[in-house]
Amino acid sequence: ITTDLVSLDAPLGPDATTPPTKDAVLEELARLQQAAGRTDDTAQLLADIHAREAKAATGLPGGIAIPHCRTSAVSEPSLGFARLAVPADFGAEDTGTDLVFMILAPEGGGNTHMKVLSTLARSLVRKDFVQSLRDAGSAEEAVALITEVLEKKKARRTGAGAGGQADSGGSTAPSAVVTRSPPRTAVAPSSRAVSTRSAMPSRCSADTIGPSVVAGSVPGPMT
């Protein structure tokens, strides 16, 4: 993720108080992917992400959604993030969604995107991390927060440890400190019908995202 893949509080609805549609949010995230040079085929990207969304909702408890898919529209894994000024409906059963992560993976690629997906889902259980994303005052701060949790997980897998990497003298370098902005006003729930999640047996759908992932289970690979 880079700053040009982040959208903070953009007015995606028809006015400042009307919730944007899920389609509008996905189109904004796809636009960022194109503007950042990650794809030159937003039509295919959106077709694949919509096909995935049609199989099961990617909205999670607590105002979070993680739409994700394999697609021929990208050649490498890519992560985008949008914080919404007014929550949208991503099919979560408790409230509207104001924090949206889009994870894209190339067809036939490795499992890097699944590691990102699993790490994000587990990190988003932490209320302090979620609140820090809502408080972030800039795209740079949001990227630093997200990168921090992803790099910590990577460091654990490679044996560097959660506290930092050892330098040439054998000491441990502490993680970077992120300066955070004053808290934003809590997002009010939006009213809508409760959606029903379904099973996803086909392409781009075996990695079901739901409460079980947030609770700590690891999703299966996308096929």
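Colleague: What should I know before we start?

Modeller: This is a predicted model, in which local features need pLDDT of at least 70 and side-chain atom pairs count only at pLDDT 80 or more, while totals for chains, interfaces and linings use all residues. Residues are numbered from 1 along each chain as its sequence is written, and side-chain values use heavy atoms, with hydrogens and water left out.

Colleague: How many helices and strands are there in the chain?

Modeller: The chain has six helices and six strands. Helices (H or I, at least four residues) and strands (E, at least two) are DSSP runs, numbered from the N terminus. Along the sequence they follow the pattern β-α-α-β-β-β-β-β-α-α-α-α.

Colleague: And what percentage of the residues count as buried?

Modeller: Of the 223 residues, 43% count as buried. The word means under 20% relative accessible area, with exposed meaning over 50% and partly exposed in between (1.4 Å probe, protein chains only). The chain exposes about 10300 Å², and carbon and sulfur atoms supply 54% of that area; the areas come from the Shrake-Rupley method with a 1.4 Å probe, and for residues only the protein chains shown count as cover.

Colleague: What about contacts between residues at least 6 apart in sequence?

Modeller: Among those contacts, 72% join residues at least 24 apart. A contact means heavy atoms within 4.5 Å.

Colleague: Which residues of helix 1 are buried, and what do they pack against?

Modeller: The buried residues are Ala-24, Val-25, Leu-26, Glu-28, Leu-29, Ala-30, Leu-32 and Gln-33. The buried residues of this helix pack against strand 1 (6-10), helix 2 (42-55), strand 5 (78-88) and strand 6 (97-106). After helix 1 comes Gly-37, with a positive phi near 80°.

Colleague: Glu-28 is on that list. What does Glu-28 form with Arg-31?

Modeller: The two form a salt bridge, with the closest N and O atoms 3.0 Å apart. A salt bridge is a side-chain nitrogen of Lys or Arg within 4 Å of a carboxyl oxygen of Asp or Glu. Arg-31 and Glu-28 are three residues apart in helix 1, so about one helical turn separates them. Glu-28 is buried at 13% relative accessible area, whereas Arg-31 is partly exposed at 42%.

Colleague: How many salt bridges does this rule give?

Modeller: The count comes to six. Another one of them joins Arg-134 to Asp-98, with the closest N and O atoms 2.8 Å apart. This pair links distant parts of the chain, 36 residues apart: Arg-134 is in helix 4 (residues 127-135) and Asp-98 is in strand 6.

Colleague: Are those two buried or exposed?

Modeller: Arg-134 counts as buried, at 14% relative accessibility, and Asp-98 counts as buried at 0%.

Colleague: New topic: how many aromatic pairs does the structure hold?

Modeller: The structure holds one. The ring centres of Phe-81 and Phe-101 are 4.8 Å apart and the planes are at 35°, so the pair is tilted. Rings of Phe, Tyr and Trp (its six-membered ring) pair if their centres lie within 6.5 Å; planes under 30 degrees apart count as stacked, over 60 as edge-to-face and the rest as tilted.

Colleague: Where do these two residues lie?

Modeller: Phe-81 lies in strand 5 and Phe-101 in strand 6, so the pair ties together parts that are 20 residues apart in sequence. Both Phe-81 and Phe-101 are buried.
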